[in-house]
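The stops below move from helices on a sheet to the pockets.

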Amino acid sequence: MNIAGLTAIGMVRSHNEDTIYFTTNKIGPLPNLFVVADGMGGHNAGEVASAKSLEFFCDFIRNSQLSPTQTPEETVSLLVAAVDHANKEVYEYSLTSPTLSGMGTTFSACVVLDGKLAVAHIGDSRIYTVHNSDITQITVDHTYVAEMVLAGNLTPANAKTHPNRNQLTRVLGCKPPINVDGTLHDLQGIASVLLCSDGLTDMLHDSEIMHIATHDAPTQARAQALIDAANNNGGIDNISAIIIDVKGETN
């Protein structure tokens, strides 16, 4: 696999509350791991939430007793359990200081295993699969407007500009328990996987993301081009992107 990941402050914010992580080395029983977390909260609490969520999540993975030969389904269960654990720990950590009260973060994680993509997800960061002229969002946005669209009360076009479009309905860091999406996806025919924060998707349409992600260039150059395009369109939020070229990893 060829991988590149970048995070940027954007053109408006004073600091970066996004945290990203990617490795093709083993971590606990997992052969690889990719994460994007987009924090929120007053003062610097957002960056604390995203960083701490990754710390607690990875600690849980490293301490797992699951066999390295786990099935993709077992991997999904492990990822979900790790997000649940991180939620509990982040929530308890938020109680240690008034400045951290109410902090939280999105959290999207995935693992490539045996031609499958195991995913655990909460919030409105996204994971896409990309192939040629197709881009598919495989995570669900846990937002007020996404639920309105699903219920048929709002069109996708209107959701893009709705004043409450960034209002989250699920987040890591709230009082347990939480509802984490755990899903498994076939990578057959898929060229790349993209993880990103809403600082990218709020600035670019899916078609623009696909055009850049499928460009004939190294992963690092494509990741940088995504960041640059979001900044050129306003860069109103922190921007994160991880590109994983999985073509040839499906056998």
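Select helix H6, residues 206-213: H6 lies across E7, E8 and E10 and runs at about 120 degrees to E8. Contact here means heavy atoms within 4.5 Å. Axes are lines fitted to C-alpha atoms, for helices over the stretch in contact, with angles from 0 to 180 degrees between N-to-C directions. Helices (H or I, at least four residues) and strands (E, at least two) are DSSP runs, numbered from the N terminus.

Next, pick H7, residues 219-232. H7 packs on the sheet and touches E1, E10 and strand E11 (239-245), its direction making about 155 degrees with that of E11.

This is a predicted model: local features need pLDDT of at least 70, side-chain atom pairs count only at pLDDT 80 or more, and totals for chains, interfaces and linings use all residues. Residues are numbered from 1 along each chain as its sequence is written, and side-chain values use heavy atoms, with hydrogens and water left out.

Now show the sheet. The order of this open, antiparallel sheet of 5 strands is E1-E11-E10-E7-E8. Two strands pair if DSSP finds at least two bridges between them. Zoom to E7 (126-131) and E10 (192-196), an antiparallel pair with 5 bridges. Ile127 stands opposite Leu195 in E10.

Last stop: the largest pocket. Select Arg126, Asp141, Thr143, Val145 and Ala146, which lie nearest its centre among 23 lining residues. A pocket is an open set of points on a 1 Å grid over the protein atoms alone, where a 1.4 Å probe fits, with protein on both sides within 12 Å along at least five of seven lines; lining residues have an atom within 4 Å of a point. H3 gives the largest share of the lining, 5 residues.
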